[in-house]
Amino acid sequence: MESSILESIGVEIIGVMSPVSICMFLVVLLVYSLSSSSSPSSAVSDIRTAANLVYAENPSDTAAQKLEGALLNALVFVILIAIVTFLLLLLYYYNCTSFLKHYTRFSAFFVLGSMGGSIFLSLIQRFSIPVDSVTCFILLFNFTVVGVLSVFGTGIPIIVRQSYMVCLGISVAAWLTKLPEWTTWVLLVALAVYDLVAVLAPGGPLKMLVELASSRNEELPALIYEARPTTVARAGSRGVTAGEPSSAPSSSSSSAIELQAVSRDNKDRNRSQGGRNDEEERSPLVGNGGGEGGIVDEIAERGIKLGLGDFVFYSVLVGRAAMYDLMTVYACYLAIISGLGCTLILLSVCRQALPALPISITLGVLFYFLTRLLMEPFIVGTATNLMMF
């Protein structure tokens, strides 16, 4: 029994950390490949997004001006995200599920087609790949359409769906690495704080979305990465239906890790049959959660899920670190993975949806500045003076 539990823990953790690591690694490669100057960290960003509407950072600005402008940018961006999330909550409350599904599909199509296409064209120009415009358009169109069908279609192999979810994260993260440096760091911290409030606060929009979806026993249309295929345990049924989409609640702009819930009826039935299969298939990371009152009994069995926003902002952090040096990238990567591991441990204890950004982003930002300000000068100084320690 102990070996099976340890085995299942490893599968759960690897199933979440592997795609996150792949996404961060590919974003770092893109940053290095598409960097047009020897010191990209000093370059001025030429993109205008909701994250830098108020203030456009200039290298000649003072540190106080950059900090003030970055704080304003982060405040506006977080307010916009809160407004959109509450709007989505309102639409879902009034059963506009069809509109939300189409909106999510359009978002995926737009990200793959525009941001992914921009990266694709940049790679073609950077490496002088001989591709004509017609072939390029056909390839990009097919990639985008197949991606949308894979993410939202049924009967698609889970590995294809997971691959396209990683591609979506890479596309957005690589685009956001073009933001100014000060805005990027302040924005990451602000998003981690917002994520904590939105998921755990009583009136948080993501918490309200999860509770509303739990009360309806429905799945919210969202870009969510599933670590493994899920099975559905229907209320009042005598068995478990495999291969159907999970009806677990998931937030649309989520950066929350969700638990796999097992209905009490199903758990009691497994125990009455000896519980052997239950020991082999479930891990300590799985438990009852996600609802209040008697809602838990009707929630579907689901695996650990990670919001697309987590992939994006983890990768933005290491992508920004890649603009400094590789030592900082290693430190930030280890900090993010450690924070994700801590979140998984808390997940097994709290047994409810948890925000995945706060711990990882806090550790990542902290390790970035510690490495850049303390470790890097120390390592370089000792190596330059041929000292060993």
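This is a predicted model: local features need pLDDT of at least 70, side-chain atom pairs count only at pLDDT 80 or more; totals for chains, interfaces and linings use all residues.

Me: Is Thr 97 buried or exposed?

Reply: A residue counts as buried when its relative accessible area is under 20%. Thr 97 has a relative accessible area of 18%, and so it is buried.

Me: Which residues is Thr 97 in contact with, leaving aside its neighbours within four places in sequence?

Reply: With those neighbours left aside, Thr 97 is in contact with Tyr 92 and Pro 221.

Me: What does the protein chain as a whole contain, in helices and strands?

Reply: The protein chain has 12 helices and 6 strands. Of its 389 residues, 47% are buried, and its accessible surface comes to about 19,000 Å², with 66% of that belonging to carbon and sulfur atoms. Among the contacts with a separation of 6 or more, 78% are between residues 24 or more positions apart.

Me: How should I read a pair of helices that pack against each other?

Reply: Two packed helices are described by the angle between their axes and the distance between the axes. In this structure, helix H4 (residues 133-152) and helix H5 (residues 158-176) pack at an angle of about 120°, and their axes are 9 Å apart. H4 and H5 are therefore oblique to each other, and their crossing is left-handed.

Me: Which residues of H4 and H5 meet?

Reply: From H4 come Phe 143, Val 146, Gly 147, Ser 150 and Val 151, and they meet Val 160, Arg 161, Tyr 164, Met 165, Cys 167 and Leu 168 in H5. The residues of this contact divide into 8 nonpolar, 2 polar and 1 charged.

Me: At what angle do H5 and H10 pack?

Reply: H5 and helix H10, which covers residues 308-322, pack at an angle of about 45° with their axes 8 Å apart. That angle makes H5 oblique to H10, and H5 passes H10 in a right-handed crossing. On the H5 side the residues are Met 165, Val 166, Leu 168, Gly 169, Val 172, Ala 173 and Leu 176, which meet Leu 308, Phe 311, Val 312, Phe 313, Ser 315 and Val 316 in H10. The residues of the contact of H5 with H10 divide into 11 nonpolar, 2 polar and no charged.

Me: Where is Met 323 found, and is it buried or exposed?

Reply: Met 323 is found in the loop between H10 and H11, and at 14% relative accessibility it counts as buried. Although Met 323 and Glu 181 are 142 residues apart along the chain, their C-alpha atoms are separated by 9.7 Å.

Me: How do H11 and H12 pack?

Reply: Helix H11 (residues 326-350) and helix H12 (residues 357-384) pack at an angle of about 150°, with their axes 8 Å apart. Angles over 145 degrees count as roughly antiparallel, and H11 is therefore roughly antiparallel to H12. The crossing of H11 and H12 is right-handed. Among the residues that meet here are Ala 331, Ala 335, Gly 339 and Leu 346 in H11, and Leu 363, Gly 364, Phe 367 and Ile 379 in H12. The residues of the contact of H11 with H12 divide into 14 nonpolar, 6 polar and 1 charged.

Me: What should I look for in the backbone angle phi?

Reply: Most residues other than glycine have a negative phi, and most peptide bonds are trans. Asn 95, which is not a glycine, has a positive phi of about 60°, and it is found in the loop between H2 and H3. At 54% relative accessibility, Asn 95 counts as exposed. Ser 128, likewise a residue other than glycine, has a positive phi near 50° and lies in the loop between H3 and H4. With a relative accessible area of 60%, Ser 128 is exposed.

Me: Finally, where is Gly 69, and how many residues separate it from Tyr 55 in sequence?

Reply: Gly 69 is in helix H2, which covers residues 63-93, and it is buried, with a relative accessible area of 4%. Gly 69 and Tyr 55 are 14 residues apart in sequence, while from C-alpha to C-alpha they are 5.2 Å apart in space.

Terms used: Residues are numbered from 1 along each chain as its sequence is written. Side-chain values use heavy atoms; hydrogens and water are left out. Helices (H or I, at least four residues) and strands (E, at least two) are DSSP runs, numbered from the N terminus. Buried means under 20% relative accessible area, exposed over 50%, partly exposed in between (1.4 Å probe, protein chains only). Contact means heavy atoms within 4.5 Å. Accessible areas come from the Shrake-Rupley method with a 1.4 Å probe; for residues, only the protein chains shown count as cover. Axes are lines fitted to C-alpha atoms, for helices over the stretch in contact, and angles run from 0 to 180 degrees between N-to-C directions. Angles under 35 degrees count as roughly parallel, over 145 as roughly antiparallel, 65 to 115 as roughly perpendicular and the rest as oblique. A crossing is left-handed if the near helix is turned anticlockwise from the far one by less than a right angle, and right-handed if clockwise. Ala, Val, Leu, Ile, Met, Phe, Trp, Tyr, Cys and Pro count as nonpolar, Asp, Glu, Lys and Arg as charged, and the others, Gly among them, as polar.
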